[in-house]
Amino acid sequence: MADDYLVRIGRLIRDARQHRGWTQTQLAEALGTSQSAVNRIERGNQNISLEMIARIGEALDSEIISLGYAGPMHLRVVGGRRLSGSIDVKTSKNACVALLCATLLNAGKTTLRRVARIEEVYRILEVLGSIGVRTRWINNGSDLEIVPPAELNLEAMDTEAARRTRSVIMFLGPLLHRMDHFKLPYAGGCDLGTRTVTPHMTALRHFGLEITATDGTYLAEVDRSVEPKRAIVLTERGDTVTENALLAAARHDGITVIRNASSNYMVQDLCFFLEELGVKVEGVGTTTLTVHGVTHIDRDVDYAPSEDPVEAMSLLAAAVVTESELTIRRVPVEFLEIELAVLEEMGLDHERSTEYAADNGRTRLIDLTVRPSKLQAPIDKIHPMPFPGLNIDNVPFFAAIAASAQGQTLIHDWVYDNRAIYLTDLNRLGAQVKLLDPHRVLVDGPTRWRSSEMMCPPALRPAVVVLLAMMAAEGTSVLRNVYVINRGYEDLAERLNSIGAQIEIFRDI
């Protein structure tokens, strides 16, 4: 039991340190101790006194070190408030985790600008750190510097952190070039039903990778005599599958053609980054990618991932359901054009700025002003399609928007087994959402939202949809255990408060 408390305290210290943007060395200097001692404390491998806990809390300016704050985070929402002003879209969560995995290709130093400070990124950083990769936050914690070791120590991998993110599956592509055999823990993440890794295995088999799944672990063996003989045709046009194939092709000595590739935003950012590493990628933005691999990469690179279109959609939905006028800045419009076209047909009153380039020099951005609108249900059903179709992760936000519109909307979330089911949680807040089957819901609007207390759905986007509905509901609502939201959004409650929301973060004592 004592060991369990030490581990919990260690995690709280680690999270507080990372939130401040400090390295273990910086905390050690503030405490007058060694980096190795801080490392032992954060891993729960060292006894720690109440005096030391207090000193750490003072150094990090964080009460989270208190034992009373060891439980899950909750949100208390006072709804019925109008939002106003403007808010910037943060960088893409999905691009950032892909780029972190891609740094394993490079023997040089990688600097990533304005990296999303979210739990998903923290978990990947923990995994990278445990296998010997040096990472540190720089420029007041906004940018991230990554330096790999000459040899990775996969035996020391933080398996607990790895199991809490599906992104670790993207280690397969880079690692198959570095070692002949290795193992990875099963990937975790949101509860979205069965998501097979078979498409990954099918794609990477062209590079000699064979996987055996056993006892919660993927055992990988690489046959160096095997290489792509023809174009790789992905059996699923998935984002992470395409990224894994790109990561494998990047250091393959030759030209690799990938067909039925995703051309989504995070894939494009990864392609732009690979080009910075000296890997030529043709066909970016299409479903056929031609990769000119480089056997050894040793470059110091500096790259700025683009903004997150799903976060932009979240903020747009927040304005719609709260009937607010809000300007959302730095919106990656090319990845929201279908959504905006659908919303225009529904009657959305909005204004767009002229387009300008993101910091990566490639992605098109706009500033988007949304005004209170009388929406009508769309004539056609809402359903996702691979880019340039309606984004899969934006589908849940249409449930809250449809609940605010006049009429009945059919939403068909065909990709995930369970996600549509979580949209029925909106009924607790006054919505009329009827589940037709595990993939389809009927939403009747408009809705007179009401406050409620409930557990956070275990899937990221439905969880945020519930939060937005609470913001629209008169009275005080409570959303419990919001870790899943922190996986994908940086300081979401504080940022919504900056534009007029009233959301309090609290923990059980």
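In the predicted model, the largest cavity lies between domain 2 (73–90 + 307–507) and domain 3 (93–303), because both domains give residues to its lining. This cavity holds about 50 Å³ of space, and the structure contains 3 cavities of 30 Å³ or more. The lining of the largest cavity is formed by Tyr265, Gln268, Asp269, Phe272, Ser306, Glu307, Pro309, Pro332, Phe335 and Thr363. Helix H11 (residues 265–276) makes the greatest contribution, supplying 4 residues to this lining. Classified by side chain, the lining comprises 5 nonpolar, 3 polar and 2 charged residues.

Two of the lining residues, Tyr265 and Phe335, also take part in ring contacts. The structure holds 3 aromatic pairs. In the pair formed by Tyr265 and Phe335, the ring centres are 5.9 Å apart and the planes meet at 65°; the arrangement is therefore edge-to-face, the angle being over 60 degrees. Tyr265 belongs to helix H11, whereas Phe335 is located in the loop between strand S14 (326–332) and helix H13 (337–346), so the contact ties together parts that are 70 residues apart in sequence. Both Tyr265 and Phe335 are buried.

Phe335 forms a further aromatic pair with Phe387, with a centre-to-centre distance of 4.9 Å and an angle of 45° between the planes, an arrangement that is tilted. This pair likewise links distant parts of the chain: Phe335 lies in the loop between S14 and H13, and Phe387 in the loop between strand S17 (364–371) and helix H14 (395–403), 52 residues apart. The relative accessible area of Phe335 is 5%, and this residue is therefore classed as buried, the limit being under 20%. Phe387, at 15% relative accessibility, also counts as buried. Through these ring pairs, Tyr265, Phe335 and Phe387 are linked into a cluster.

The charged end of Arg76 is positioned over the ring of Phe506, at 4.0 Å from the ring centre. A second contact of this kind involves Arg117, the charged end of which sits over the ring of Trp137, 3.8 Å from its centre.

Key. Residues numbered from 1 in each chain as written. Predicted model: local features only at pLDDT ≥ 70, side-chain atom pairs only at ≥ 80, totals over all residues. Heavy atoms only, no water. 1 Å grid on protein atoms, 1.4 Å probe; cavity = no way out; pocket = protein on both sides within 12 Å on 5 of 7 lines; lining within 4 Å. Points joined across faces, edges and corners; volume = space filled by probe spheres on them. Helix = DSSP H or I, 4+ residues; strand = E, 2+ residues; numbered from the N terminus. Nonpolar A, V, L, I, M, F, W, Y, C, P; charged D, E, K, R; others polar. Domains from an automatic or database assignment. Phe/Tyr/Trp six-rings, centres within 6.5 Å; stacked < 30°, edge-to-face > 60°. Buried < 20%, exposed > 50% of the residue type's maximum accessible area, 1.4 Å probe, protein only. Lys NZ or Arg CZ within 6 Å of the ring centre and 35° of its normal.
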